[in-house]
Amino acid sequence: VLEQLDRYSRSFIMARMAMLHTYLQRLTSHPVFSCSPVLKLFLTAKSAEFMMHSKNNAGLLDRITGSLQTLTGYNRNSQLYPEFENVRQYTNSLSAKLTFMHDVAAKIQKERIELTYDTEEGKRAVENWICHEPELSYCLQGIRDALVSVLVSQKHLLQIYSTSIEQPLEEYLSYTDAVKEALNRRDAIQYNYESSRDETTRKRIEKEQLEILDNTNGFGFKLWKATNRDRIKKLQQDLPILDGIVEENHDKLEIANEGMRADLERWHVERKSEIKEILTKIAHYHVLYYQECLQAWEKALEVVKNVNKDS
């Protein structure tokens, strides 16, 4: 399986190193994560210390289970914040556009590989032609040199595809997925707050209704009132606890909202420069490729013109 995935190839390892470097740069430049003791441990701990810390903390399965429990019953119909919903829609749109760019780039790369094979066949055909018609060798040699230069430019463009086009697009697609996951976590915190608030409101209404019934006089209510008062007493004990949970969840929601706003504001600034850098680099390499091809064929054209003048 490892051989099929080619995880030991130099290109794969270099791509993963570059993506890890970008990821760590994002973490270390973040105002909150950069101060995290977990990040410091990850970057500085030795193997034994890291293994000991991993054993003493919740594993991946526990964290996933906790996340699933948090999201259980999550209702997308709850009144979400418009500002975050707008970001979600924009992120989905950006992800779709980046995916389309990635697919188009992959298709162009495949066609460029085929073009390289065709160019190599053309070069061999010209070389064979030179052998059979020596009188045209000077003119054909110029065409061959142009094909060689074009091949060099094509192969260079093929080589930089992974690091300059494919990898940056995939990395930013992962980035948009992380933004969507962060929005989902914020929504889950909002759901926890709203569900605890609704539960508290429901029990408070129940308590008020039971108190009204408890004050009702009449035959047939005496046996029921004893159970009713026990329920009221239980609700009186539960409501302060529930109020505390609601207040705690509200604080968590406010912290999540402020943190999300700060991260989105920073991402808004970084996103423009980062996507611009990706697209500018792609354009630069393609412009350079076409300039080199143009120069190669202009030289070949000069050779052909000189042959015509001499003849």
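Arginine 112 lies over the face of tyrosine 289, 5.7 Å from the ring centre; a charge counts as over a ring if NZ of Lys or CZ of Arg is within 6 Å of the ring centre and within 35 degrees of the ring normal. The model is predicted, so local features need pLDDT of at least 70 and side-chain atom pairs count only at pLDDT 80 or more, while totals for chains, interfaces and linings use all residues. Residues are numbered from 1 along each chain as its sequence is written, and side-chain values use heavy atoms, with hydrogens and water left out.

**Aromatic rings**

- Arginine 271 sits over the face of tryptophan 267, at 4.7 Å from the ring centre.
- Trp267 also belongs to one aromatic cluster with Tyr172 and Tyr175.
- The count of aromatic pairs is four, where rings of Phe, Tyr and Trp (its six-membered ring) pair if their centres lie within 6.5 Å.

**Lysine 203**

- Lysine 203 is in helix 8 (residues 161–214); helices are DSSP runs (H or I, at least four residues), numbered from the N terminus.
- Lysine 203 counts as buried because its relative accessibility is 15%, and buried means under 20% relative accessible area, exposed over 50% and partly exposed in between (1.4 Å probe, protein chains only).
- Leu235, Asp238, Leu239 and Leu242 are in contact with lysine 203, not counting residues up to four places away in sequence; contact means heavy atoms within 4.5 Å.

**Methionine 14**

- Methionine 14 lies in helix 2 (residues 10–29).
- With 37% relative accessibility, methionine 14 counts as partly exposed.

Methods: Helices (H or I, at least four residues) and strands (E, at least two) are DSSP runs, numbered from the N terminus. Rings of Phe, Tyr and Trp (its six-membered ring) pair if their centres lie within 6.5 Å; planes under 30 degrees apart count as stacked, over 60 as edge-to-face and the rest as tilted.
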